[in-house]
Amino acid sequence: MPSKLRFAVGAGLIVLAIGYLITTAVRNTSEYYLTVNEVGARQAHLTGQMLRVAGRVKAGTISWDPATLTLGFAMVSPPNPDGSPLKPVTAADPAEFRVVARGEPKPDMFAAGRDVIVEGRLASDGTIEARQVLTSCPSKYIPKKAK
Amino acid sequence: MPLIGQLALALALLVAVYSIGANLLGMRRNSPDLLLSARHALWAMCAMVTVAVAALWTGLLTSDFSLEYVASYSSVTLPIQYKIAALWGGQQGSLLFWTWLLSIFTSIAIFQNRRRNPEITPWALIVLAGVAIFFLGMLNFVTRPFDLLATVPPDGSDLNPLLQNYWMAIHPPSLYTGYVSAAVPFAFACGALITRKLDDGWIRTTRRWAIFSWFFLTLGNMFGARWAYEVLGWGGYWAWDPVENAAFMPWLVMTAYLHSVMIQERKDMLKVWNLALIGMAFMLTLFGTFLTRSGVISSVHSFTQSGLGPYFLTFLIVVVVGYTALLFSRVNDLKSPAEFESYLSREAAFLFNNLMLVGIAFAVFWGTIFPVISEAARGVKITVGPPFFNKVNGPLALGLVFLMGVGPLIAWRRTSPQTLMRTFLAPVTMGVGAGVVVFAMGLRQWYVLTALSLAAFALGTVAVEFRRGVSARRHLVHETPARALVNLVAKNNRRYGGYIIHLGVVFAFVGIVASSFFRTEVKRSVRTGQSFTIGAYEVTYLGLKGVETAHLEDLSARLVVRSGGREIATMEPAKLFYKRPQQPATRVAIRSTPLADLYVVLAGVDDKSGLATFEVFLTPLVFWLWAGGLMMAMGTVVVMWPNVRERAALAAALGRDEALDAEPVPGGD
């Protein structure tokens, strides 16, 4: 029996260590994953934090400077959240955020009207300083079914 | 053709259901005819699914756009190899492909067990047929590959350009093969539990299947990483994306399983643990399919958002609950007389290696489903990204490499401290030596120093093992060193194949550590004739060249790379503009050497200013990740190679009891 106990202690220590690694890593690395409207509803609370924000690129707001690799655009909530994972939020005004990404090339699929996920910090002036701009794949054209 | 395919799928479902009934009735009535009929029914199922696959492939190759699937995932101009690959490019096709593999593997398992395991096999076949029925049910009623379109479009909307790549043609089949073949050991484990034949007969019967599954999971993960590296154009190969994680978790658990079954074969211990591991491995393969097909978690891979989620979740829950209940009901039959004796034993090393592997799998699982959990618990979606996975798995990987260095050298049962000193002198010296050298070279990150020391230690262990074996053969049978090495591996393929795999893991580990810590990156917009530097390289942009085909437009940039004033390479990264799903893609230019990869992406071309934007990465030692993967695959082939001794061991295990002592000892330790 004592040998069984000794092994239980050893195994228990390893399990504890793994648990500790996971909890501290979650605390130090987690980011909010929000929609544009959700950020708008809690802007004061979120200022200065790392966020992942899902939204749509507003037409006519894109600026791109290839010499300095600076991409700027406004991000809004998709008008029709049907079928998308985005939830409508009770905020009165539809939120809009200016996004600036510096030092990164423009993603292949980036264009007005595309759905994007922006990873970055919300500055106090309401701009999102993006570290990364990810474009989602455009939804596929679904042909009508024969019945 | 579509009608034939649809019909074949319906028949396949029917015979699968019949086989379960025939097996159950055959066992109750003790009727060999009925049991045989059940097996023939499953062969018929395999034939029917094969017909359906052939029908879909015919549709793809003849561009039959009346089929919704063909219209969605192919086009007239799609190159033929991708028309073939389009079979697994979309949801219906990939489920069909999955079912096809399952039916083939079931048929092979039937053939292997035509005279073996008469009690377990019928139950194993019931489980396999049950899994097949789930997938066939989906293919018949929920997501049908042979649905027709009301109006036939002149052309299809084409395969996703990101999938039009060599690696993407072979990555999914490898991964699926790995996923699906895990079902066979799982089914035999269920059979062993149900019939209470809980010795290691089921493990030995399906050992080769487990290794086969592991082999393809390894390849699948490697090919996927290689695809990400070549196609996605971000300079990395692994992003801890949910779908990558879904492929990685079964690999981890299967690795743990392959190690811990050795303890059961040797010492008749850890029976419950082994059954739990194979159960987990199979459930994780289902979970992986569920993740990719449900859209529950956002991922770059889930192009196919669909209503399959609830079905998969239900099936998964049935499997988890059913298997857990079964395992619990048999706990009393699984008591083992033996127990662990000492921390300084191979059993202990294996036990801790298992805890680490399952720990990593759990951490990956937790990080993957964290957004769902946090949303359910706190109402906010919180994600954890690559930093989370690296922080948790980094230290655990160190632990694993350490144990990899310890395990092979330490004796079963117990080792005396004196023996320990003697055995480990060489590997420890190598490890410490490597640490000192790297420190003298100026590296100060503690993680890198530890990682490289441990890698050298593990390498030292493998070297010691080979040296010991070779010198023993030279003295006992007087062979030349080369001959001794070949015979050593050939005669103990399981053991030395395993060491070759360990070598591959160490190489891959070093590649991963070096590429994660020392990658440098330059992003620059330049005009024709201008240069920039990265590391010791000077890169000059010479201009653009455009080529247009019916399928795509290919805009490539020409770059000359100089090092020390000498021209060493011309590179041509390109932007591709696909015509059907009007979508751009990237073709990366890579100059790979064992020391470092130079990786160039043409990120964009600005028509107004004439500036071309390049993203250039210099990644040291990443070559060794791929070399390590190749080595792991080669080692696995060595392990799987047919072996007379093992066949004898299997026969002995199945005829057990009186034959127990006749089991030969592999490796001669």
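The following paragraphs go through chain A briefly and then through several helices and loop residues of chain B in a predicted model.

Chain A is described here by its secondary structure and its burial. It contains 3 helices and 7 strands. Read from the N terminus, the order of these elements is α-β-α-α-β-β-β-β-β-β. Of the 147 residues in chain A, 27% are buried.

Two packed helices are described by the angle between their axes and the distance between the axes. Helix α1 of chain B covers residues 2-29 and helix α2 of chain B covers residues 32-61; their axes come within 7 Å and cross at roughly 165°. An angle over 145 degrees counts as roughly antiparallel, and α1(B) and α2(B) are therefore roughly antiparallel to each other. Their crossing is left-handed. The residues that form the contact of α1(B) with α2(B) comprise 24 nonpolar, 6 polar and 1 charged.

Ser63(B) sits in the loop between α2 and α3 of chain B, where α3 spans residues 68-73. The phi of Ser63(B) is near 50°, which is a positive value in a residue other than glycine. Ser63(B) has 17 C-beta neighbours inside 10 Å and so counts as partly exposed.

Further along chain B is the pair α7 and α9. Helix α7 of chain B consists of residues 166-181, and its axis comes within 7 Å of that of α9(B), with a crossing angle of roughly 150°. This angle also lies over the 145 degrees used as the limit, so α7(B) and α9(B) are roughly antiparallel to each other. The crossing in which α7(B) passes α9(B) is left-handed.

Helix α7(B) itself has 16 residues and reaches 24 Å from its first C-alpha to its last, close to the 22 Å expected at 1.5 Å a residue.

Arg196(B) belongs to the loop between α8 (183-195) and α9 (201-231) of chain B. Although Arg196(B) is not a glycine, its phi is positive, at about 60°. Arg196(B) has 12 other C-beta atoms within 10 Å and is therefore exposed. Leu232(B) lies in the loop between α9 and α10 of chain B, α10 being residues 242-267. With 18 C-beta neighbours inside 10 Å, Leu232(B) counts as partly exposed.

Phe312(B), Val319(B) and Tyr323(B) are buried in α12(B). These residues cover an arc of only 30° around the axis, which puts them on the same side of α12(B). An α-helix has 3.6 residues a turn, so residues three or four places apart point the same way. The face of α12(B) turned away from its buried side carries the exposed residues, which are Pro310(B), Thr314(B), Ile317(B), Val318(B), Val321(B), Ala325(B), Phe328(B) and Ser329(B).

Pro310(B) is part of helix α12 of chain B, and with 11 C-beta neighbours inside 10 Å it counts as exposed. Pro310(B) and Phe290(B) are 20 residues apart in sequence and 8.9 Å apart in space, C-alpha to C-alpha.

Helix α18 of chain B covers residues 493-517 and helix α19 of chain B covers residues 623-640; their axes come within 7 Å and cross at roughly 170°. That makes α18(B) roughly antiparallel to α19(B). The crossing of α18(B) and α19(B) is left-handed. The contact residues of α18(B) with α19(B) divide into 18 nonpolar, 10 polar and 1 charged.

Definitions and conventions: Residues are numbered from 1 along each chain as its sequence is written. Chains are lettered from A and ligands numbered from 1 in the order in which they are written. This is a predicted model: local features need pLDDT of at least 70, side-chain atom pairs count only at pLDDT 80 or more; totals for chains, interfaces and linings use all residues. Axes are lines fitted to C-alpha atoms, for helices over the stretch in contact, and angles run from 0 to 180 degrees between N-to-C directions. Helices (H or I, at least four residues) and strands (E, at least two) are DSSP runs, numbered from the N terminus. Angles under 35 degrees count as roughly parallel, over 145 as roughly antiparallel, 65 to 115 as roughly perpendicular and the rest as oblique. A crossing is left-handed if the near helix is turned anticlockwise from the far one by less than a right angle, and right-handed if clockwise. Ala, Val, Leu, Ile, Met, Phe, Trp, Tyr, Cys and Pro count as nonpolar, Asp, Glu, Lys and Arg as charged, and the others, Gly among them, as polar. A residue is buried if 20 or more other C-beta atoms lie within 10 Å of its own, exposed if 12 or fewer, and partly exposed in between; C-beta atoms are placed from the backbone. The arc is that of the directions from the helix axis to the C-beta atoms. The expected span of a helix is 1.5 Å times one less than its number of residues.
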